[in-house]
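These are my notebook entries on what I looked up in one structure, written in the order in which I went through it.

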Amino acid sequence: MTQALPLNIATSSLYLMTDNKPNKYNPLEDEKTWQKFWENNKIYLFDQKSKKEIYSIDTPPPTVSGKMHLGHAFSYAQEDFIARYQRMQQKNVFYPFGTDDNGLPTERLVEKLKKVKSKKMERKDFIKLCNETLDEIRPDFVQGWKNIGMSCDFNIFYSTINDHCRRISQRSFIELYKEGREYRKESPTIWCTTCQTAIAQVELEDKEQQSSFNDIIFKVKGKDDLLIATTRPEMLGSCVAIFVHPEDPRYKEFTGKKAKVPLFNHEVPILTDKRADPEKGTGAVMCCTFGDQTDIEWYKAHNLPLVMSINEAGFMTEKAGKYVGLKINEARKQIIEDLKTKKLLVKEKEITHPVNVHERCGTNIQILNTKQWFINYLDLKKHFIEAGKQMRWYPKHMRVRYDNWIKGLQWDWCISRQRYFGIPFPVWYCEKCDEPILAELSQLPVDPLTDKPKKPCKCGSKKFKPEQDVLDTWATSSLTPQLATELIKDKNLRKKLYPMNLRPQAHDIITFWLFNTVVKSQLHNNINPWHDIMIAGHALDPHGKKMSKSKGNVIEPQVMITKYGADALRFWAAGSKLGDDLPFMEKDLVTGKKMIVKLWNAAQFCLMHLNDFNPEKFDKKKLTLIDQWLLSKLNRMIIEATDSFEEYEYARTRAKTEQFFWHIFCDNYLELVKDRIYNPDKRGKAQRQAAQYCLYTGILTVIKLMAPIMPHITEAVYQEHFAKKEKYKSIHISEWPKSNIKEIKEKQEAVGDLVVQIVSEVRKTKSSNSLSLKTGVKKLTIICSKDEQKGIKLAMDDLKATTSSLDIIFKEGKKLDIKVEF
Ligand SMILES: [Zn+2]
Ligand SMILES: [Zn+2]
């Protein structure tokens with residue numbers, strides 16, 4: 001057998017004849033078998049009794065949305081590489097799994113699946129329906145994560161809506177309230193009229209929108225007309241003042257006067273404030289309570305009246321006069337029409353500008369005055385930025401996004417939502433004196449709608465109103481380190497789990513999940529929640545666009561797994577540098593599958609020749625030059641692969657291992673030693689054993705380095721031969737290869753490289769003469785330096801056999817060259 005290793009990917013079953021027995025590996029069937037094997041043998045169990053060093057991971061709990069998408073497969077595979085690597089480093093890996101079940105996404109999903117409207121149902125009926133629906137769909141949903149080969153301990157499980165999480169989330173609320181970090185207040189709030197709830201600054205997204213800048217005439221008694229430029233003429237009814245810059249010469253004589261609001265005819269003062277930008281529009285702006293953030297500042301600074309002309313559902317209120325009952329956009333159109341008719345509109349300029357929308361539904365947000373709960377933390381901005389510096393960010397540059405977010409924070413964290421399916425506030429209000437009454441810790445989890453406070457109010461009253469709102473979902477998911485670690489009952493062990501070693505997540509939620517988790521950890525414990533942060537990029541569609549249902553470019557991982565196997569998908573996910581976005585190309589999965597096939601076939605070839613070999617009894621003195629060349633490169637690879645994993649650069653590990661495996665091991669080493677393996681009578685037993693040692697070490701090292709990335713195929717190979725030898729139940733709990741610096745030999749490597757170069761030149765010559773690679777060479781002349789000759793002679797027999805040369809002679813020369821005579 002001297003032909004190149006077969007590489008057949010046309011069929012899903014791969015055959016290679018060994019001892020006349022077909023040995024096959026079929027990802028579709030075998031991956032499932034190995035997943036069952038791991039589950040049955042509890043390979044990923046977090047061992048609570050172990051003395052090993054702990055490595056804890058704050059797994060992102062995916063939102064139960066019915067189906068896993070390719071982006072999940074991409075980023076979860078990347079964190080799983082790390083979990084598996086750390087486990088092979090003999091650490092006791094704490095790798096829980098949770099699902100994020102509360103809040104709007106679940107409400108939306110249940111409304112869609114069950115064809116109901118939450119606002120039209122009894123609250124308790126809707127919550128019951130949500131819980132039932134989640135129980136129905138959760139097992140299939142979690143299975144998606146098992147199918148990509150996630151190595152979580154799925155027994156350490158939480159759902160962000162279950163009793164455990166409600167208790168911890170409510171406890172967090174009570175603790176922060178007692179520390180004076182929370183307040184409830186009627187104040188301007190960011191509001192979504194579609195979801196009909198308050199939302200937080202972090203839930204805003206910029207969207208470019210078509211709009212128009214309108215120059216509108218305001219009449220001023222005894223003066224010229226005042227021109228106001230606005231993009232929101234529908235807010236005219238809530239105009240409470242006009243602002244100009246104090247130094248703007250155009251408006252000097254207007255200040256202190258009153259202007260008449262067109263169409264509405266009420267008079268408003270003309271005031272000065274440095275925040276009025278003379279460069280923008282006409283330099284004179286109206287303040288409507290509330291059009292934007294500046295309006296709020298003006299409203300507070302100048303003690304202006306509050307006039308709300310938009311209601312919570314996005315319709316005009318009676319403050320909008322004859323426009324009452326219209327939708328915001330309808331009102332805008334109508335008001336522009338009326339302004340035109342009355343000749344009060346001077347100019348209408350089309351513009352595109354960024355508008356704040358709710359990231360979940362795309363609705364333009366409004367600012368409404370409502371009563372909400374807040375966490376006040378704007379005084380801690382510097383502290384949070386400092387805390388960010390204390391953690392190690394991979395890749396480093398991602399910290400900038402965290403810093404910028406904090407610097408731009410303008411609102412306290414609004415944590416109340418006017419929704420149904422969420423964790424209730426553990427709060428009632430006294431009917432008599434309106435004092436908030438908090439639940440006692442022993443009462444948690446509590447539902448104020450059905451439960452009662454344990455004691456009467458300070459005023460003596462025993463009548464309470466329950467808080468109707470629910471907590472923002474991020475108020476709970478910002479506690480994932482606590483949610484996960486508190487599943488462990490042993491308090492001493494818990495201390496070793498928190499702060500956790502790693503938070504893996506994608507970059508789009510640095511401002512949400514990551515920042516909020518730091519906030520909670522700092523406020524509660526005055527420490528960071530983790531030591532390391534690993535930020536994944538996004539999987540994009542083949543054109544580099546974000547995948548989304550509305551664009552119809554979503555790819556389901558299960559479809560790809562069925563076609564190519566989970567290992568191929570994971571191989572693809574390991575192809576991008578940490579933090580980089582990666583467009584999905586199906587051809588990359590073809591490459592992944594080729595890797596599966598090649599690993600399997602190369603392993604079958606090696607194993608076929610290892611039955612009579614015992615690595616423990618092997619004497620390394622038998623190693624020849626070519627063996628030393630291989631082992632030197634192998635040890636370099638171990639160092640690079642290990643260092644890369646330590647830096648969360650799994651892509652570099654993959655690249656280095658692949659390079660060694662294909663080009664050093666398969667293309668060259670296996671070819672160079674075939675003669676020794678097949679002809680021990682001619683070459684001697686020692687030479688065969690030396691090759692066997694390298695086959696054993698080479699293939700074992702490669703499958704171990706690839707095990708975190710391609711867990712199934714590597715397990716299949718490991719179980720065929722190595723499990724018995726190493727006495728580990730699974731490759732995934734076996735030891736990560738250790739490098740041996742003594743085996744890194746510069747000289748031998750250089751000579752080996754020359755030998756490889758000579759072999760490749762001979763092959764090239766044969767091909768260019770249309771000869772088979774097995775064609776005999778009568779005389780091979782090698783031109784090289786004296787020193788090089790000395791080295792190459794150490795590999796003479798391998799070289800002769802591999803090139804099928806009868807005779808090899810040397811000639812002195814400076815530059816390596818060869819002459820082939822057939
Ligand atoms: Zn919304
Ligand atoms: Zn009271």
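**Entry 1**

I began with cysteine 430, which counts as buried because its relative accessibility is 0%; buried means under 20% relative accessible area, exposed over 50%, and partly exposed in between, with a 1.4 Å probe and protein chains only. Before going on I noted that this is a predicted model, in which local features need pLDDT of at least 70 and side-chain atom pairs count only at pLDDT 80 or more, while totals for chains, interfaces and linings use all residues. I also noted that residues are numbered from 1 along each chain as its sequence is written, that chains are lettered from A and ligands numbered from 1 in the order in which they are written, and that side-chain values use heavy atoms, with hydrogens and water left out.

Which residues coordinate the zinc ion (ligand 2)? I found Cys430 (SG), Cys433 (SG), Cys457 (SG) and Cys459 (SG), at 2.2 to 2.3 Å. Donors here are N, O and S atoms within 2.8 Å of the metal (3.2 Å for Na, K and Ca), and water is not among the atoms, so sites may look incomplete. The arrangement around the zinc ion (ligand 2) is tetrahedral because its 4 donor atoms subtend angles of 105 to 119°; four donors count as tetrahedral if all angles lie between 85 and 135 degrees. Along the sequence, the spacing of the donor residues is C-x2-C-x23-C-x1-C. Cysteine 430, in strand E20 (residues 427-430), and cysteine 459, in the loop between strand E21 (436-438) and strand E22 (464-466), are 29 residues apart, and the pair links distant parts of the chain. Helices (H or I, at least four residues) and strands (E, at least two) are DSSP runs, numbered from the N terminus. Cysteine 459 has a relative accessible area of 33%, so I wrote it down as partly exposed.

**Entry 1**

I checked both for burial: cysteine 195 is buried at 0% relative accessibility, and histidine 358 is buried with a relative accessible area of 0%.

**Entry 2: cavities**

How many cavities of 30 Å³ or more does a search of the whole structure find? The search finds 5. On a 1 Å grid over the protein atoms alone, a cavity is a set of points where a 1.4 Å probe fits but cannot get out, and lining residues have an atom within 4 Å of a point. Grid points are joined across faces, edges and corners, and a volume is the space filled by probe spheres set on the points.

The largest cavity has a volume of about 120 Å³. It is lined by 17 residues, of which Gly103, Leu104, Arg417, Arg419 and Thr473 are the closest to its centre. Helix H3 (104-114), strand E23 (470-471) and helix H10 (473-477) are the elements that give two or more residues to this lining.

The second largest cavity holds about 70 Å³ of space, and among its lining residues I noted Trp405, Trp411 and Trp413.

**Entry 3: backbone details**

I then looked at two cis peptide bonds. One runs from leucine 444 to proline 445, with omega near -5°, and proline 445 has its place in the loop between E21 and E22. Another runs from tyrosine 498 to proline 499, with omega near 0°, and proline 499 is in the loop between helix H12 (491-497) and strand E24 (500-506).

Asparagine 303 has a phi near 55°, a positive value in a residue other than glycine, and is exposed because its relative accessibility is 71%. Lysine 727 has a phi near 65°, also a positive value in a residue other than glycine, and lies in the loop between helix H21 (711-726) and helix H22 (746-768).

Technical notes. On a 1 Å grid over the protein atoms alone, a cavity is a set of points where a 1.4 Å probe fits but cannot get out, and a pocket is an open set with protein on both sides within 12 Å along at least five of seven lines; lining residues have an atom within 4 Å of a point. Four donors count as tetrahedral if all angles lie between 85 and 135 degrees; four count as square planar and six as octahedral if opposite donors are over 155 degrees apart and all others between 65 and 115; anything else is irregular.
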